[in-house]
Amino acid sequence: MFRPLFRTIPPTVSRFSLSCGKKYASTSTGQLAFDWEDPLGTMDLLAEDEIAISATARAYCQENLLPRVLQAYRDENYDREIQEEMGELGLLGATIKGYGCAGVGNVASGLITREVERVDSGYRSGMSVQSALVMGGIEEHGTEEQKERFLPKMAKGKLLGCFGLTEPNHGSDPGSMETVARRHPTKQGVFLLSGSKTWITNSPIADVLMIWAKLDGKVRGFLIERGEVRSGLSTPAIKNKNGLRASITGMILMDDVEVPEENLFPSVEGLKGPFSCLNNARYGIAWGAMGALEDCIDRARTYSLERKQFKGNPLAKYQLIQKKLVDASTDAAFGLLASIQVGRLKDKGMALPEMISMIKRQNCDRALVNARALQEIFGGNAVSYEYGIGRHVANLFVTQTYEGQSDIHSLILGRAITGVQAFC
Ligand SMILES: Cc1cc2nc3c(=O)[nH]c(=O)nc-3n(C[C@H](O)[C@H](O)[C@H](O)COP(=O)(O)OP(=O)(O)OC[C@H]3O[C@@H](n4cnc5c(N)ncnc54)[C@H](O)[C@@H]3O)c2cc1C
């Protein structure tokens, strides 16, 4: 049993310097002091309940996910139970109101995402797909009956979802998708789905597969329930990845898979369907990448203080080492501030897709660049699994690539700045 999300702050939290009400670090004389873990005092921008939620998520992640990640990454194995644990805590679909979800604000949900990715981007990916892409998509586009049928079980992690947009021939350009839906020639109220999706997180083990397919030339969203499918569906795993190994990824191959009409999103048409889901997930990735970067900073700082080279000096004594830590720490602090601002706007319904593109692109790019620089501090040890930094670097390449590769977000922003689209 896990503690539900929003009660009190667990006693373990003090270990992670997230004490309730703490606004800035202070010395024993009460003077303000620089806190390398929160250089710009972002805690001051958080409400007490957000601090408590963040602390609960951190305690769960550090105590229950961190001890598993090394083996999971080595074996490329995703423990399905993690979703149920997260469900018990209230971490799944956390911003959704009702249907057994926690109904927290967007900053609180970002803080959760940051804590999960502090451990591993793969665990965060599994959670984001379930929460932002699939549950979020059902909440936004589904009928009341679909929401009642799927969301409560998904909130508990009893039903697992995946989001099928990318195809073997169409990643950045989903408008060219080849997957099609057509009406069954003889069965009333039944559609047939055919096509293939690839690089789909959770697909080999998903119970609910959200598929974007063209019906009469227009992109529409369908929910395939694996348990109801009699033929035509397979979801082979893609093995031997060199990033995101603690998550499970696969294909979705469909050959006239029957889907009942009640599993079609009734009104959303075109790419705004999948893009609205992606918007929420991209917002979470911006937060998550900062969690991964913060863990890299923590690990590199500790290593640089302990490792001695030349006359018994710790690596931390050298200016080049310090600069790497300063660059990373500055980018992490700026990235967090930007994420909080967009989260506050999102709560007010004022966050634009371009804002989310900006923080997704910037935070993922800076996390990757800095993690690669920090990796150098570990010398040869960086190559070992045990030090964790190489795992983050490999993962952060994926976060920069999926849900809109960074250059695609540059095109989105370039269009917004100039009014001229440069996609083709
Ligand atoms: C581990 C993992 C998990 C994933 N999970 C999911 C998931 O759950 N669901 C899902 O639907 N997808 C998922 N994806 C797919 C991911 O979203 C795509 O890989 C991504 O959108 C990029 O598409 P692509 O790989 O086809 O690259 P491409 O579209 O072929 O792009 C290749 C490169 O070309 C650049 N490029 C493309 N077009 C242009 C242009 N017009 N101008 C300039 N540069 C351009 C891109 O920026 C990129 O650098 C996942 C991917 C990975 C690796």
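Let's start with alanine 47, which sits in the segment before helix H1; helices here are DSSP runs of H or I with at least four residues, strands are E runs of at least two, and both are numbered from the N terminus. Alanine 47 counts as exposed because it has 11 C-beta neighbours inside 10 Å. The cut-offs: 20 or more other C-beta atoms within 10 Å of a residue's own makes it buried, 12 or fewer exposed, and anything in between partly exposed, with C-beta atoms placed from the backbone. Valine 107 is 60 residues away from alanine 47 along the chain, and their C-alpha atoms are separated by 9.6 Å.

A quick word on the model: it is predicted, so local features need pLDDT of at least 70 and side-chain atom pairs count only at pLDDT 80 or more, while totals for chains, interfaces and linings use all residues. Residues are numbered from 1 along each chain as its sequence is written.

| Domain | Residues |
|---|---|
| domain 1 | 11-155 |
| domain 2 | 161-263 |
| domain 3 | 272-418 |

Taken over C-alpha atoms, the centres of domain 1 and domain 2 are separated by 28 Å. Their contact takes 23 residues from domain 1 and 18 residues from domain 2, where contact means C-beta atoms, placed from the backbone, within 7 Å. On the domain 1 side, H4 gives the largest share, 12 residues.

H4 (residues 121-141) also has a kink of about 35°, centred on serine 128. The bend at a residue is the angle between axes fitted to the seven residues ending there and the seven starting there.

Now for the core. The largest nonpolar core has 108 residues, and Val134, Phe222 and Leu293 have the most contacts inside it. Such a core is a set of buried Ala, Val, Leu, Ile, Met, Phe, Trp, Tyr and Cys residues joined through C-beta atoms within 7 Å. Helix H6 (residues 272-306) gives the most to this core, with 15 residues. Leaving aside neighbours within four places in sequence, phenylalanine 222 is in contact with residues including Ala181, Phe191 and Leu193.

Finally, the ligand: 22 residues surround it, the closest being Leu165, Thr166, Gly171, Ser172 and Gln405. To be near it, a residue needs its C-beta atom, placed from the backbone, within 6 Å. Domain 2 and domain 3 each give at least three residues to this shell.

Note on methods
Domain bounds come from an automatic or database domain assignment. Two residues are in contact if their C-beta atoms, placed from the backbone, lie within 7 Å.
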